[in-house]
Amino acid sequence: MQLTITPENPIEWFALKANLIPVPLLHAQIMPVVAKAVLEAADKGVFEATKDKPQSVDELAAHLQLHPKALGELMGLLTALDYFHYENGRFALTRMARRFVLKDDAMSVYGMMVFNNRVVWEWMNHLGDYLKTGQGIQYHETLSKDQWAYYQQAMVAATGTEAREFGRRAPVPKTATQMLDIGGSHGQHSVVLCRKLPALRSTIIDLPPAIEQSAPFLARQGMGDRVVYQPGNALTDDFGTGQYDIVLLSSLAHHFTPEQNQLVTDKVAKALRPGGVFIVNEFIRPDVSTKPDLVGSSTDLFYGLSSTAGNYQIDEIKQWQTSAGLKPHKVVHYRSIPSRAMVVAKKP
């Protein structure tokens, strides 16, 4: 998936083709305003306030206690971005906005938007230092209790769409009875597989602060003792021997160095039963010599900034698995999420 500039008339088309449009100005001036406007709109409750019926700027301003002029400017931009339709002096949510930015929709990314606005936005100020030193923020070590709560809300939001496809397409043994979900605090991947496989039970190992903040989300799934927590640390804890048919490492490899990922994979190989599968679920770092990839390259930089490591290529993930004695089995590219894949290996 690419972010492109689309001309709307022949003059703009010619100017773009003739290299007369200052594209870096759009990136540097327009896009930061766009991003912050969307985040603040979610955080200030603008989308929720228009959920039940269209609202005028004055009505919204009074309800949200915001400045009418400033809010009017925000609403104009959000309309241009297709979050709202404007008709008869009132703003109504678009179909896209209703699905993805309202709190209660199963596919909502509202939690991620609030986390990005209240926590991540400040991280971007450190990008210059990261480019000089190569040392990321390592945020897991510094999050406050409130920030952990925002973080877990964001993880639930980020995996809402993915978990559905994961449940349908993950190549797992149909007879599996035991699963280890490493770093899967919110439990959405474990839940969808346990619902698919009636005999399956899953143990989620994660850091204690992550479990504390995510436990209410899992409780709402009503999975009882079929999905349970085990406080721990993937880098230091032993996973046991021959205990699991499925081991999932989702959105965690990008926090670890190659050496740490090899360490974890070695422990996973020991913990798997023969015929068991190890799924590394990640955004994939693109090869810059091939087709450009906005999602893969932007998440690579972001995870480098936030955790020092970054994304990995599929061959690198396969190498950890092969070195641990596992046999590469399948790569499943998500249809709903660009640049994301399950890299699956099986224990002989």
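**Leu207.** I started at Leu207, which sits in the loop between S4 and H11 (helices, H or I, of at least four residues and strands, E, of at least two are DSSP runs, numbered from the N terminus). Before going on, I noted that this is a predicted model, where local features need pLDDT of at least 70, side-chain atom pairs count only at pLDDT 80 or more, and totals for chains, interfaces and linings use all residues. Residues are numbered from 1 along each chain as its sequence is written, and side-chain values use heavy atoms, with hydrogens and water left out.

Buried or exposed, or in between? Leu207 counts as partly exposed because its relative accessibility is 24% (buried is under 20% relative accessible area, exposed over 50%, partly exposed in between, with a 1.4 Å probe and protein chains only). Skipping residues up to four places away in sequence, I found Leu207 touching Trp148, Gly232 and Asn233 (contact means heavy atoms within 4.5 Å).

**H11.** Next I looked at helix H11, residues 208-219. Its 12 residues reach 16 Å from first C-alpha to last, close to the 16 Å expected at 1.5 Å a residue (the expected span is 1.5 Å times one less than the number of residues). Ala210, Ile211, Gln213, Ser214, Phe217 and Leu218 are buried in H11. Their cover includes helices H9 and H10 and strands S4 and S5.

**Core.** Which residues touch the most other members of the largest nonpolar core? I got Ile182, Phe239, Val247, Val268 and Phe278, out of 28 residues (a nonpolar core is a set of buried Ala, Val, Leu, Ile, Met, Phe, Trp, Tyr and Cys residues joined through side-chain atoms within 4.5 Å). H12 gives the most to this core, with four residues. Leaving aside neighbours within four places, I saw Ile182 in contact with residues including Ile205, Phe239, Val247 and Val268.

**Salt bridges.** I count 13 salt bridges in the structure (a side-chain nitrogen of Lys or Arg within 4 Å of a carboxyl oxygen of Asp or Glu). Arg273 pairs with Asp245, the closest N and O atoms being 2.9 Å apart. That pair links distant parts of the chain, Arg273 in strand S7 and Asp245 in strand S6, 28 residues apart. Asp245 is buried, at 12% relative accessible area, while Arg273 is partly exposed at 27%.
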